[in-house]
Amino acid sequence: MQSNHSGRKRWAIIAGLAFTVLACLWYVFKDHSSSLPDFSRFDQTVEMKEAFFTYMEPIITSENNAVREQRSRLKTIARAFEAAGEIGFYNRWRLNRLADAYGVPEDFATEMKIATLLQRVDIVPVELAAVQAAKESGWGRSRFAVKANNLFGHWCFDPGCGVVPENRVAGRKHELKAYDSVGEAIAGYMLNLNTHPKYLLFRQLRAQLREAEERLSGVALADGLLYYSERREAYVKEVKAMIRQYREFTSEMEAQAQT
């Protein structure tokens, strides 16, 4: 009996190591869409917007697909726990890796860990991510976007971690974080919304839409971005207006493509 248990444990460890190796290979060879195009070259605003959205949408979708895969694995673990009241070694290992990635405390009980992750491991609507990228980066033309792939205004605090703002107040140490790729910047933005305490309402609204089996609407979820900007309600209102414009704009683009 002890031998069978040891054998299962050994195979679980081997499977875990194999998964880690494959994940590393996937990351190394993944197309991270390294640098932004020069959006300042467009003379016409409509052409610039079309180019920006056309460039951003597939990268956002790719990062969302990575999150979907994580969520799918999480739901498999959740079903196993619901059925048996416990999970095996391999599923526990996978759950703890997700918990570490999404900032869930290690000492949480399994049920609480799963419930917290189900609220955190989820996608950000393309329309919301695309609009915020446009708003925060000046349509990909800001100094931080061009020099550091920083599309969402994220800060960092270690010296040399990014680009120093030109108007930074004396004594302040923040920089605009540098990203190796646009994909990395989008992944960082999604992780920020999915983990930071200030965006708990965002996650709760998304969970409510999931529970109601409704579409994840960027307009509805924008209410959870109250603390994204010091401008609070005014910022949320502008994001919602931009999403509605985005919908109209992309509908027109699709209609033109079919003519």
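Trainee: Which residues does Phe53 touch, not counting those up to four places away in sequence?
Mentor: Phe53 touches Pro58, Ala130, Trp139, Tyr246 and Phe249; a contact means heavy atoms within 4.5 Å.

Trainee: What kind of model is this?
Mentor: This is a predicted model, in which local features need pLDDT of at least 70 and side-chain atom pairs count only at pLDDT 80 or more, while totals for chains, interfaces and linings use all residues. Residues are numbered from 1 along each chain as its sequence is written, and side-chain values use heavy atoms, with hydrogens and water left out.

Trainee: Is Phe53 buried or exposed?
Mentor: Phe53 is buried, with a relative accessible area of 3%. Buried means under 20% relative accessible area, exposed means over 50%, and partly exposed lies in between (1.4 Å probe, protein chains only).

Trainee: And where is Phe53 placed?
Mentor: Phe53 lies in helix α2. Helices (H or I, at least four residues) and strands (E, at least two) are DSSP runs, numbered from the N terminus.

Trainee: How far apart are Phe53 and Val126?
Mentor: They are 73 residues apart in sequence, and their C-alpha atoms are 9.9 Å apart in space.

Trainee: Let us step back. How many helices and strands are there in the protein chain?
Mentor: The protein chain has ten helices and three strands. Along the sequence, the pattern reads α-α-α-α-α-α-β-β-β-α-α-α-α.

Trainee: What percentage of the residues in the protein chain is buried?
Mentor: Of the 259 residues in the protein chain, 41% are buried. Among contacts with a separation of 6 or more, 58% are between residues 24 or more positions apart.

Trainee: Back to the helices. How do the axes of α2 and α5 cross?
Mentor: The two axes come within 9 Å and cross at roughly 125°. Axes are lines fitted to C-alpha atoms, for helices over the stretch in contact, and angles run from 0 to 180 degrees between N-to-C directions. The helices α2 and α5 are therefore oblique to each other; angles under 35 degrees count as roughly parallel, over 145 as roughly antiparallel, 65 to 115 as roughly perpendicular and the rest as oblique.

Trainee: Is that crossing of α2 and α5 left-handed or right-handed?
Mentor: α2 passes α5 in a right-handed crossing. A crossing is left-handed if the near helix is turned anticlockwise from the far one by less than a right angle, and right-handed if clockwise.

Trainee: Which residues of α2 and α5 meet?
Mentor: From α2, Phe52, Phe53, Met56, Glu57, Ile60, Thr61 and Asn64 meet Val126, Ala129, Ala130, Ala133, Ala134 and Ser137 of α5.

Trainee: At what angle do α2 and α3 pack?
Mentor: The angle is about 135°, with the axes of α2 and α3 10 Å apart. These two helices are therefore oblique to each other, and α2 passes α3 in a left-handed crossing. On the α2 side are Gln70, Arg73, Leu74, Thr76, Ile77 and Ala80, which meet Asn91, Arg94, Leu95 and Leu98 in α3.

Trainee: New topic. Which residues of α8 are buried?
Mentor: They are Phe202, Arg203, Arg206 and Leu209. Seen down the axis of α8, these buried residues fall within an arc of 120°, so they line one face of the helix. The arc is that of the directions from the helix axis to the C-beta atoms.

Trainee: What do the buried residues of α8 pack against?
Mentor: They pack against α4 (110-120), α5 (126-137), α7 (182-195) and α9 (218-221). On the other side of α8, Gln208 and Glu211 are exposed.

Trainee: Which residues are buried in α4?
Mentor: In α4 the buried residues are Thr110, Lys113, Ile114, Thr116, Leu117 and Arg120. Seen down the axis of α4, they fall within an arc of 170°, so they line one face of the helix. Their cover includes α2 (45-84), α3 (89-101), α7 and α8.

Trainee: Where is Glu213 found?
Mentor: Glu213 is in the loop between α8 and α9, just after α8. Its phi is near 60°, a positive value in a residue other than glycine. Glu213 is exposed, with a relative accessible area of 76%.

Trainee: What is the phi of Arg232?
Mentor: The phi of Arg232 is near 50°, a positive value in a residue other than glycine. Arg232 sits in the loop between α9 and α10 and is partly exposed, with a relative accessible area of 29%.
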